[in-house]
Amino acid sequence: MTPEEIALGLERYLTRERNDPRQFAINFRNSLIFVFNEGHPDQMVPLAWALSALNDGWESTTRSMNSGNARTRAEAAGLLRIECDHPDHAAFWEVAMERVAQLARPYLSEKQIGFSRHHSAPRRQEENSFYVIPSNACGASFPNETELLSEHEGAAKQITTNRYERKASLRAACIRHYRAMHDGVLLCEACGFDFERAFGPVGAGFIHIHHKHPLGNLQEERLVDPLKDLVPLCPNCHAMAHRFIGVKETPRDVCTLKKLRQK
């Protein structure tokens, strides 16, 4: 088992989410162990189901792989395991709770939405764990995260880059802040695009988080205020914030992006 295979299973299960959101919501709600691509906890899925998705005919099954077997495979693949003593565990838990609420709300009552083994047994935060697929194993690439590019004739070209640590807790805090500003709706602050309204459950919770002062501009660790230094942007506006901007220059701010869209 390799990280690339687990990333493939994750993508297959996300496809099931798009095709059968009700079943996905129930599976997600009843899970204890989750997996996601590095930097994208908002796209986490149940680990056992991501692994089951690698098998033929898995879509018709009602039971996933055994959770103990799933842990063994994930750890054999070298995935990072996040338990309750990890500093980012609480942030991942919040993302998971938010995600299950968004997924399950159309199909389950408010009383049923929280994590539970049974309807009357609420899930405790410390029981949940998370596995992280490294970015170089993920099939999808996002701005400023691509490490392996392909030539037009198929030859792989290795690019050496510096990667800067981003805390999931900061992303979660930023999203909570801006959701509160828009009555619980997550919008691009530059153009107002709402992924959930446009794409339904598959778009719920999706957004890029833009650093107003990119981490790559400094070569050292620094304090980041999620309310002042971060802002949610859609991929288009995020790309335009950085387009034709030098590495040492400050990206375009939200006001500038809004003005550019009006021209």
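This is a conversation about how to read some features of the structure above.

Biologist: Before we start, what kind of model is this, and how are residues numbered?

Modeller: It's a predicted model, where local features need pLDDT of at least 70, side-chain atom pairs count only at pLDDT 80 or more, and totals for chains, interfaces and linings use all residues. Residues are numbered from 1 along each chain as its sequence is written, and side-chain values use heavy atoms, with hydrogens and water left out.

Biologist: Let's take strands. In what order do the strands of the open sheet come?

Modeller: Helices (H or I, at least four residues) and strands (E, at least two) are DSSP runs, numbered from the N terminus. Two strands pair if DSSP finds at least two bridges between them. Here, four strands make an open sheet in the order β2-β1-β4-β3, and the pairing is mixed. β2 and β3 (80-82) stand at the edges with a single partner strand each, so one side of each has no neighbour in the sheet.

Biologist: Which way do the pairs run, parallel or antiparallel?

Modeller: Take them one by one. β1 and strand β4 (residues 129-133) run parallel, joined by five bridges. β1 and strand β2 (residues 45-46) are antiparallel, over two bridges. β3 and β4 are antiparallel as well, over three bridges. Helix α4 (residues 67-76) packs on this sheet, touching β1, β3 and β4 (contact means heavy atoms within 4.5 Å), and its direction makes about 35 degrees with that of β4. Such axes are lines fitted to C-alpha atoms, for helices over the stretch in contact, and angles run from 0 to 180 degrees between N-to-C directions.

Biologist: Which residues stand opposite each other?

Modeller: Start with Phe-34: it stands opposite Pro-46 in β2 and opposite Phe-130 in β4. Phe-36 faces Val-132 in β4.

Biologist: How do I read the two faces of a strand?

Modeller: In a regular strand the side chains alternate between the two faces of the sheet. Then you ask which residues are buried (under 20% relative accessible area; exposed is over 50%, partly exposed in between, with a 1.4 Å probe and protein chains only). In strand β1 (residues 33-37), five of the five residues are buried, so the strand is largely enclosed by the rest of the structure. Ile-33, Val-35 and Asn-37 are on one side, with Phe-34 and Phe-36 on the other. β4 is mostly covered too, with five of its five residues buried: Ser-129, Tyr-131 and Ile-133 point one way, Phe-130 and Val-132 the other.

Biologist: And what covers a helix? Which residues of α9 are buried?

Modeller: In helix α9 (residues 235-242), they are Cys-237, His-238 and Ala-241. Seen down the axis, they fall within an arc of 105 degrees, so they line one face of the helix; the arc is that of the directions from the helix axis to the C-beta atoms. Those residues pack against β7 (208-211), β8 (230-233) and α10 (254-262). β7 and β8 are themselves joined by four bridges and run antiparallel, with His-210 opposite Val-231 in β8. After α9 comes Phe-244, whose phi is positive, near 60 degrees.

Biologist: What does the side chain of His-89 reach?

Modeller: His-89 lies in helix α5 (residues 89-104), and at 0% relative accessibility it counts as buried. Its side chain reaches the backbone oxygen of Asn-128 at 2.7 Å. A polar contact is a pair of N or O atoms within 3.5 Å; within protein, one must be able to donate a hydrogen and the other to accept it, and residues adjacent in sequence count only if both atoms are side-chain atoms. Leaving out residues up to four places away in sequence, His-89 touches several others, including Ile-82, Gln-125 and Phe-130.

Biologist: How many disulfides are there?

Modeller: A disulfide is a covalent bond between the sulfur atoms of two cysteines. With a cut-off of 2.5 Å between the sulfur atoms, a search of the whole structure finds zero.
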